[in-house]
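Q: Please take a close look at one part of this structure and describe what surrounds it. After that, go on to how the rest is held together, in plain terms.

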Amino acid sequence: SAAMAAESGKGSFAIRVTVPGYCAIDSDPVVLSEGDGYQTGSVLEMCNGADGFQVAASYRELAPTESVRLNYAGSTRQLNATGWTPVVNRMGAKYGIRPIGVQYADLETPLAINLTITYF
């Protein structure tokens with residue numbers, strides 16, 4: 001037979017959920033031609049880590065005469081000759097489209113810049 005609940009009946013329970021950390025950056029490589037120039041674009045940045053994350057740029061090694069300056073959402077970095085540069089550290093969870101701009105000078109050969117994201 002069916003059980004009836006009393007109107008004054010009370011109870012409680014606890015729910016615990018663990019959400020895995022996830023960060024991604026959706027960006028095609030920024031490809032620069034030889035010589036001098038300026039290029040703009042945008043990337044989709046997403047990270048649910050409360051501790052924040054780092055965006056880094058990877059590319060071929062730069063010759064001593066080559067110069068590349070990357071602006072990522074208002075933060076500007078001169079790219080290192082080594083082929084890898086940390087671009088920005090961001091705190092907290094983020095989601096959105098971020099503008100990028102690249103100013104370059106004296107490139108001897110084309111350069112492709114890949115952006116990666118790592119959470120803390």
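A: Start with Y59, which is buried: its relative accessible area is 10%, and buried means under 20%. The model is a predicted one, and the values below are computed from it. Y59 sits in the loop that runs between β4 (53-58) and β5. Which residues is Y59 in contact with, once its neighbours within four places in sequence are left aside? They are L79, N80, G83, W84, T85, L111, A112 and I113. C47, on the other hand, is twelve residues from Y59 along the chain, and the C-alpha atoms of the two are separated by 23 Å.

R60 comes next. This residue is partly exposed, with a relative accessible area of 27%; that value lies between the 20% limit for buried and the 50% limit for exposed. Its side chain meets that of E66 in a salt bridge, with 2.8 Å from N to O.

Side chains of opposite charge can pair when their charged atoms come close. How many salt bridges does the model have? The count is three. One of them is between E45 and R90, whose closest N and O atoms are 3.1 Å apart. E45 belongs to strand β3 (residues 35-47) and R90 to strand β7 (residues 84-90), so this pair ties together parts that lie 45 residues apart in sequence. R90 is buried, with a relative accessible area of 17%, and E45 is buried too, at 0% relative accessibility.

E45 also forms a salt bridge with R98, and here the closest N and O atoms are 2.9 Å apart. This pair again links distant parts of the chain: E45 is in strand β3, while R98 is in strand β8 (residues 94-107), 53 residues away. R98 counts as buried, at 16% relative accessibility. The salt bridge between E66 and R60 has been described above. Through shared partners, salt bridges join E45, R90 and R98 into one network.

Strands β3 and β8 are also part of a sheet. Five strands make up this open sheet, in the order β1-β3-β8-β5-β6, and their pairing is antiparallel. Which strands stand at the edges? They are β1 and β6 (75-78); each has a single partner strand, so one side of each is left without a neighbour in the sheet. From one strand to the next, the twist averages 25°. Within the sheet, six bridges join β5 (residues 67-72) to β8, and these two strands run antiparallel. S67 has A105 as its bridge partner in β8.

The last stop is the surface. F13, I15, V17 and V19 form a nonpolar patch there, and their accessible area together is about 520 Å². One of these residues, I15, is in the segment before β1 (23-26). Is I15 buried or exposed? I15 counts as exposed, at 65% relative accessibility, whereas Y59, where this description began, is buried at 10%.

Definitions and conventions: Residues are numbered from 1 along each chain as its sequence is written. This is a predicted model: local features need pLDDT of at least 70, side-chain atom pairs count only at pLDDT 80 or more; totals for chains, interfaces and linings use all residues. Side-chain values use heavy atoms; hydrogens and water are left out. A salt bridge is a side-chain nitrogen of Lys or Arg within 4 Å of a carboxyl oxygen of Asp or Glu. Helices (H or I, at least four residues) and strands (E, at least two) are DSSP runs, numbered from the N terminus. Buried means under 20% relative accessible area, exposed over 50%, partly exposed in between (1.4 Å probe, protein chains only). Patches are made of residues with over 30% relative accessible area and no salt bridge: like charges are joined within 9 Å, nonpolar side chains (Val, Leu, Ile, Met, Phe, Trp, Tyr) within 5 Å. Accessible areas come from the Shrake-Rupley method with a 1.4 Å probe; for residues, only the protein chains shown count as cover. Two strands pair if DSSP finds at least two bridges between them. Axes are lines fitted to C-alpha atoms, for helices over the stretch in contact, and angles run from 0 to 180 degrees between N-to-C directions. Contact means heavy atoms within 4.5 Å.
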